[in-house]
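This report covers side-chain contacts between aromatic rings and between charged groups. Please have the sequence and the model open while reading.

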Amino acid sequence: MRLTRDHLREYLSYLQVEKGLAKNSLASYGFDFARLRDFSAAIGKDPKDLNRGDLRSWIMALSREGLSPTSVQRMVSAARGFYKFLMLDGHLKANPAEDLDTPQSGHYLPRFLTETEIEEFLKQPDVETETGLRDRALLELMYASGLRVSEVISLKINDIELDAGILTCFGKGSKQRKVPLGKSAAEWLKSYLEIRNRKTGVQNLFVSPNGKPLNRQNVYQLVRSYAEKAGLEGVSPHKLRHTFATHLLQNGADSRSVQVMLGHSDISTTQIYTHVTDNHLKKAYDKFHPRS
């Protein structure tokens with residue numbers, strides 16, 4: 001197996017020197033190749049001599065070990081790169097790992113808060129204080145609009161039209177979109193702006209007590225803090241975005257409208273939420289239909 005180790009070492013060296021891979025990435029490749037080497041040794045072959053059928057057996061063996069589809073896909077991808085390197089180096093005429101079928105990852109289902117949980121979460125800020133009033137307005141806006149953190153911290157005072165109940169934001173690729181605010185968020189923003197307008201010099205909507213714009217870390221920290229006070233785990237700004245979209249769909253909104261409000265360029269990105277709402281409907285059916 002000396003030759004095999006040399007080939008793998010050459011490829012790892014190639015990834016480090018030619019591709020500039022970081023130390024952690026190289027360690028990950030080394031782990032993946034160790035699995036390939038172990039499988040090759042078990043069937044009495046050098047890894048460079050494995051054929052397509054051998055690699056299919058390797059994939060099945062990895063799956064039987066309980067590895068996730070994502071992990072298997074990563075290992076197969078590493079193998080493709082290795083065999084492509086051997087082809088370029090003249091050791092192989094064809095890549096046995098090309099177009100191999102790998103286990104498909106299941107749909108990622110966004111996690112979201114229930115309506116009861118979101119109500120408990122939103123009432124955590126102490127609105128008798130300036131900071132608490134700001135935070136309540138910010139959280140209400142995030143749940144009401146589904147904005148990304150980057151969009152929230154970039155909002156300017158003039159981006160909010162309270163009378164119309166609309167805000168204007170700039171999403172990915174600086175694409176402008178308008179999103180409804182909702183009555184509750186508009187009322188809390190109005191209360192906040194009565195205090196916020198006393199500050200001068202900064203046009204950002206959400207600022208610290210000393211007048212500096214909030215950053216991403218500020219928003220993540222306050223969301224996590226209020227979630228802990230409400231007894232909720234794993235709450236992030238993005239989870240509030242998931243909650244916004246899921247609650248809209250659960251209550252009858254069409255996916256095209258939600259797509260526009262989220263600022264998704266592709267409807268397929270929005271349709272991931274329909275899997276959540278489909279599960280919601282199925283549970284309701286199973287619970288209430290007499291012949292479920």
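How many aromatic pairs does the structure hold? The structure holds nine aromatic pairs. Rings of Phe, Tyr and Trp (its six-membered ring) are paired if their centres lie within 6.5 Å, and the planes are called stacked under 30 degrees apart, edge-to-face over 60 and tilted for the rest.

The model is predicted: local features need pLDDT of at least 70, side-chain atom pairs count only at pLDDT 80 or more, and totals for chains, interfaces and linings use all residues. Residues are numbered from 1 along each chain as its sequence is written, and side-chain values use heavy atoms, with hydrogens and water left out.

**Aromatic contacts**

One of the aromatic pairs is formed by Tyr-11 and Phe-85, whose ring centres are 5.2 Å apart with 45° between the planes, a tilted arrangement. This pair links distant parts of the chain, with Tyr-11 in helix H1 (residues 2–17) and Phe-85 in helix H4 (residues 69–88), 74 residues apart. Helices here are DSSP runs (H or I, at least four residues), numbered from the N terminus.

Both rings belong to one aromatic cluster made up of Tyr-11, Tyr-14, Tyr-29, Phe-33, Phe-82, Tyr-83 and Phe-85. Tyr-11 is buried at 5% relative accessible area, and Phe-85 is buried at 11%. Buried means under 20% relative accessible area, exposed over 50%, and partly exposed in between (1.4 Å probe, protein chains only).

**Salt bridges**

A salt bridge is counted where a side-chain nitrogen of Lys or Arg lies within 4 Å of a carboxyl oxygen of Asp or Glu. By this rule there are 10 salt bridges, including those in the table.

| Lys-45 | Asp-54 | 2.6 Å |

Definitions and conventions: Helices (H or I, at least four residues) and strands (E, at least two) are DSSP runs, numbered from the N terminus.
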